[in-house]
Amino acid sequence: MGHCPCFGFRKKANRGEKLKFQQEEHSKVIEKKLHSPHNVSAEKPSGLLTPEATFATKEIDHSNNKAHIFTFRELATATKNFRDETFIGQGGFGTVYKGKLGKLNQVVAVKRLDTSGAQGEKEFLVEVLMLSLLRHPNLVNLIGYCAEGDQRLLVYDYMPMGSLESRLHDLPHDKEALDWNTRMKIATGAAKGINYLHNEAKPSVIYRDLKSSNILLDKGFVPKLSDFGLAKFGPTGDQSYVDTRVMGTHGYCAPEYATSGKLTRRSDIYSFGVLLLELITGRRAYDENRGHDKHLVDWRRATSTAGRGGHSDRSRFLVFQAIRSESTYRF
Ligand SMILES: Nc1ncnc2c1ncn2[C@@H]1O[C@H](COP(=O)(O)OP(=O)(O)OP(=O)(O)O)[C@@H](O)[C@H]1O
Ligand SMILES: [Mg+2]
């Protein structure tokens with residue numbers, strides 16, 4: 001499912017500001033940022049990276065994390081010219097294809113950016129920079145990228161079980177619903193990924209885009225956080241928050257962040273709580289078709305306070321019945 005911006009417009013192309021970077025310029029920018037212990041935003045060769053994109057990479061061993069630079073031709077070959085049969089899905093950032101890299105003999109997912117405005121360009125760079133610096137078993141692995149002419153592509157490890165969203169909602173009849181243990185395993189893995197970003201990565205990172213469509217599932221349903229284009233480095237010094245333009249997704253966005261623009265690690269924790277509810281109840285975080293109950297959090301709040309009107313036991317029973325009975329996982 002595509003991205004649904006909360007406020008602000010994620011990934012919206014501004015064709016007037018189309019930027020024509022060449023592959024070498026991109027790799028120079030990325031290389032420089034990865035190897036500089038200082039704030040290199042002053043160079044601004046792209047004019048797109050904000051002062052927040054500061055790196056203290058001394059503490060991060062990224063020697064093995066170097067993203068591979070692909071030519072467009074290599075990726076076109078890998079995906080059979082982006083033919084329909086290799087199509088995996090469409091998001092707000094672009095289209096994703098399954099491919100096979102001859103030279104690495106590896107099955108990959110190739111995300112082809114279909115906007116080349118300033119926002120798309122920035123997200124592309126942030127994604128490459130973040131994923132080149134971060135390494136954790138619950139984060140998707142970026143193999144490399146291509147920035148040739150107007151083309152922007154990202155190459156990831158292929159995740160055979162698809163996204164968590166596709167396993168939770170509108171499940172085709174030939175696919176089995178996730179059982180309780182798998183759901184909890186996914187929640188635990190996602191929590192470990194977030195904990196790494198918040199407490200182990202240096203500098204710390206606020207993910208800002210936690211949702212079921214961004215949790216990809218590897219063999220054995222090992223969850224991997226993906227899409228770091230909106231991620232921000234955490235606050236430094238005495239500052240407890242990062243001032244940002246509000247970006248996020250309906251249903252997952254923390255209300256205090258949505259109203260103030262002050263981004264904290266707690267914003268991710270709020271989204272994690274929503275994700276947990278989604279896993280437990282099988283309902284979407286935001287569902288236009290559910291009238292007054294379209295926000296999962298509001299619905300859950302209403303069911304837990306309904307007790308004051310005498311319905312508490314009944315509504316709790318319904319929720320727990322949904323949790324316990326595997327047969328009710330299909331909503
Ligand atoms: N590495 C991958 N392996 C397998 N499938 C992938 C991979 N990356 C993305 N996909 C699939 O491609 C589709 C599109 O993903 P994409 O991240 O572009 O969009 P999204 O997460 O649905 O929305 P958004 O743009 O808001 O993140 C999804 O169905 C996702 O599961
Ligand atoms: Mg995504």
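**View 1. Lys111, a buried residue in a predicted model.** Lys111 is buried, with 25 other C-beta atoms within 10 Å. The model shown here is predicted. Lys111 is found in strand β4, which spans residues 106–113. Leaving aside neighbours within four places in sequence, Lys111 is in contact with Phe93, Gly94, Val96, Leu153 and Leu154. An unreviewed UniProt entry places the feature "binding site" at Lys111.

**View 2. Asp227, a buried loop residue with positive phi.** Asp227 is not a glycine, yet its phi is positive, at about 70°. The residue sits in the loop between β9 (223–225) and β10 (232–233). Why is Asp227 called buried? Asp227 has 26 other C-beta atoms within 10 Å, and a residue counts as buried if 20 or more lie within that distance.

View 3. Phi of Phe82 is near 55°. That value is positive, in a residue other than glycine. Phe82 belongs to the loop between α2 (72–78) and β2 (87–90). Is Phe82 buried or partly exposed? Phe82 is partly exposed, because 16 other C-beta atoms lie within 10 Å.

**View 4. A cis peptide bond between Lys202 and Pro203.** Lys202 and Pro203 are joined by a cis peptide bond. Omega is about 0° for this bond. Where does Pro203 lie? Pro203 is in the loop that runs between α5 (180–200) and β7 (205–206).

Definitions and conventions. Residues are numbered from 1 along each chain as its sequence is written. Chains are lettered from A and ligands numbered from 1 in the order in which they are written. This is a predicted model: local features need pLDDT of at least 70, side-chain atom pairs count only at pLDDT 80 or more; totals for chains, interfaces and linings use all residues. Helices (H or I, at least four residues) and strands (E, at least two) are DSSP runs, numbered from the N terminus. A residue is buried if 20 or more other C-beta atoms lie within 10 Å of its own, exposed if 12 or fewer, and partly exposed in between; C-beta atoms are placed from the backbone. UniProt positions are given in the numbering used here, feature names are shortened, and annotations may be inferred rather than shown by experiment. Two residues are in contact if their C-beta atoms, placed from the backbone, lie within 7 Å.
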